[in-house]
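Q: Please take a close look at the charged side-chain pairs in this model, and then at their surroundings.

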Amino acid sequence: MIFAIPRANQQIIVIITNPFFSTNFFYYSFNCVRFLFNLRCHRQYVLAQNVFNNVIDLDGKILKGAREARDIGFLTLYEYYKVFEVGSYLKNPTSGVWVICSESHYSVLFSKNGCCNPHETTNLYYYDSLGNQDSLYKLSVYPDSGVQSNDDDPPLELCIRTRWKNAKVDWNGAEPLL
């Protein structure tokens, strides 16, 4: 069982109780959403919110990341800004569905054809529940097109280019989301 307790200063304490262990685990974070994403989407009993592959030994402290490719992937604007790196397991989900962490909230990007080759042109569909969308945005992604990202590009394009390097993103007549 998971309890998330919001605090007045927007910090969150997550308490995990597990019937198989005699202790409860406490997780204290400014943003526990990525942790809950890992727990829900990856069906792992993981106390870390790490999105890299496998494990990292950080001066004797073992940090656990994704152990294999999952059904649902993860792309984030934070990788473009080099805050952290998402591992290949989460960049290449088996279902072709990604949770997008861009700026201040989460949205979803998916392929109707399942998993996508990062070197082939593909059509992706984008939905943002906070965007008051009447329909999905259809985006055509042309990988390895030599497009260099810059801070003026739409945030979604920057997220997409963390997986599809140097990709041209065509919004197919829709106004790009800024």
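Which residue forms a salt bridge with Lys 91, and how far apart are the closest N and O atoms?

A: Lys 91 pairs with Glu 79 in a salt bridge, with 2.8 Å between the closest N and O atoms. A salt bridge here is a side-chain nitrogen of Lys or Arg within 4 Å of a carboxyl oxygen of Asp or Glu. Because Lys 91 lies in helix α3 (residues 88–91) and Glu 79 in helix α2 (residues 77–80), the pair ties together parts that are twelve residues apart in sequence. Helices are DSSP runs of H or I with at least four residues, strands are runs of E with at least two, and both are numbered from the N terminus. Lys 91 and Glu 79 are both buried; buried means under 20% relative accessible area, exposed over 50%, and partly exposed in between, with a 1.4 Å probe and protein chains only.

The model is a predicted one, in which local features need pLDDT of at least 70 and side-chain atom pairs count only at pLDDT 80 or more, while totals for chains, interfaces and linings use all residues. Residues are numbered from 1 along each chain as its sequence is written, and side-chain values use heavy atoms, with hydrogens and water left out.

Glu 79 also belongs to the lining of the largest pocket, where Glu 79, Tyr 80, Lys 82, Thr 162 and Lys 165 lie nearest the centre among 13 lining residues. On a 1 Å grid over the protein atoms alone, a cavity is a set of points where a 1.4 Å probe fits but cannot get out, whereas a pocket is an open set with protein on both sides within 12 Å along at least five of seven lines; lining residues have an atom within 4 Å of a point. The volume of the largest pocket is about 240 Å³, taken as the space filled by probe spheres set on the points, with grid points joined across faces, edges and corners. Its lining consists of four nonpolar, four polar and five charged residues. In this division Ala, Val, Leu, Ile, Met, Phe, Trp, Tyr, Cys and Pro count as nonpolar, Asp, Glu, Lys and Arg as charged, and the others, Gly among them, as polar.

Over the whole structure, a search finds four salt bridges. One of them joins Glu 157 to Arg 161, with the closest N and O atoms 2.9 Å apart, and both of these residues are buried. Asp 153 belongs with Glu 157 and Arg 161 in a network of salt bridges. Arg 70 and Glu 68 also meet through their side chains, at 3.3 Å from N to O. Arg 70 counts as buried because its relative accessible area is 11%, while Glu 68, at 45%, is partly exposed.

Backbone angles pick out two further residues. Asn 54, in the loop between α1 (33–41) and β4 (55–58), has a positive phi near 60° although it is not a glycine. Most residues other than glycine have a negative phi. Asn 54 is partly exposed because its relative accessibility is 36%. Its C-alpha atom is 4.9 Å from that of Gly 65, eleven residues apart along the chain. Leaving aside residues up to four places away in sequence, Asn 54 touches Leu 63, Lys 64, Gly 65, Ala 66, Arg 67 and Tyr 89, contact meaning heavy atoms within 4.5 Å. Asn 172, in the segment after β11, likewise has a positive phi, of about 50°, and its relative accessibility of 40% makes it partly exposed.
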